[in-house]
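Here is a short briefing for a reader new to this structure. Take a look at the model, then read on.

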Amino acid sequence: MKLYNTRSGIVLESANQFYAVPSDNWDTLINQDSLYADLQQITTSKTASEQYEAWTKTGLLAPIGRQEVWASGVTYLRSRNARMEESKKSGGDNFYDRVYDAERPELFFKSTPERVVGPGANVRIRADSTWNVPEPELTLFITSTGKIVGYTCGNDMSSRSIEGENPLYLPQAKSYDGAAALGPCLFVPENPISPDTQIRLEIVRNEQAVFTNSIAISQMKRQHTELVEFLYRECSFSNGCFLMTGTGIVPPDDFTLRSGDEISITIEGIGTLTNVVG
Ligand code: DO4
Ligand code: MG
């Protein structure tokens, strides 16, 4: 099932039918360990309508309310290698190698909800950064009790020049206005998402694809539950939390984003999140 946060209200999609959700509070709706069962109840008690489907075509908002967005890093071999390369000059390269193999994962605070953009909105690159990439990441929604109940597509926009200069600059490379995108919906399956699920990134410039790649989430070194366990050790999340799970796709080193580039992140079962670099 898919939950859409739209300008006209909350819409549930189930088996290609669309239902209005009788709640206008996104935070209390999604922060339920029984979310899948709660949504199933709506499909039996409400009437489906094409009108609600129309709501999902215009005015989609990011599937976030008051939650913090966190991110994990160096969870795929490709990310480890790219980061070791970009930080060679600063001598910070072995941090990435070590964290890839360490018991404790890399977890960092990515975004307040106010800085997150939704489907169709502009993401941003920093004016003081010369090397910029999108990072397409499966993003978990975790309830206050630590249960993963949903998934969405995430874009962890990153400055490679700032992070490469010194790993201690990570918060500046990763957290700024328009550096995180989420959407198009919150995917709420009955069981955890399949490891065979593919993530695909396409970047289009002047109507031509300039970079395309895909990877299965089974290539990730860590378990989702392992990341959640570390994140929830000493942090509580009264509205639940979003957690980006790291990128397995990094464009080649001679690639940098430009203003006007269209970034599309597709995850099987969830949909496509498209944003333009503003
Ligand atoms: O270590 C820096 C960030 C890593 C990251 O964002 C990723 O692997 O996706
Ligand atoms: Mg990332």
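Val 74 sits in the loop between β4 and α4 (77-86); helices (H or I, at least four residues) and strands (E, at least two) are DSSP runs, numbered from the N terminus. This is a predicted model: local features need pLDDT of at least 70, side-chain atom pairs count only at pLDDT 80 or more, and totals for chains, interfaces and linings use all residues. Residues are numbered from 1 along each chain as its sequence is written, chains are lettered from A and ligands numbered from 1 in the order in which they are written, and side-chain values use heavy atoms, with hydrogens and water left out.

**Backbone angles**
- Val 74 has a phi near 55°, a positive value in a residue other than glycine.
- Val 74 is buried, with a relative accessible area of 2%. Buried means under 20% relative accessible area, exposed over 50%, partly exposed in between (1.4 Å probe, protein chains only).
- Asn 16 also has a positive phi, near 65°.
- Asn 16 lies in the loop between β2 (9-14) and β3 (17-20).
- Asn 16 is exposed, at 63% relative accessible area.
- The peptide bond from Gly 183 to Pro 184 is cis, with omega near 5°. Pro 184 belongs to strand β12 (residues 180-187).

**Strand β15**
- In a regular strand, side chains alternate between the two faces of the sheet.
- Strand β15 (residues 241-244) is covered on both faces. Cys 241 and Leu 243 are buried on one side, Phe 242 and Met 244 on the other.

**Partners of β15**
- Strand β4 (residues 68-73) pairs with β15 in the parallel sense, over 4 bridges. Two strands pair if DSSP finds at least two bridges between them.
- Glu 68 has Cys 241 as its bridge partner in β15.
- Strand β9 (residues 136-142) runs antiparallel to β15, joined by 4 bridges.
- Leu 140 has Leu 243 as its bridge partner in β15.
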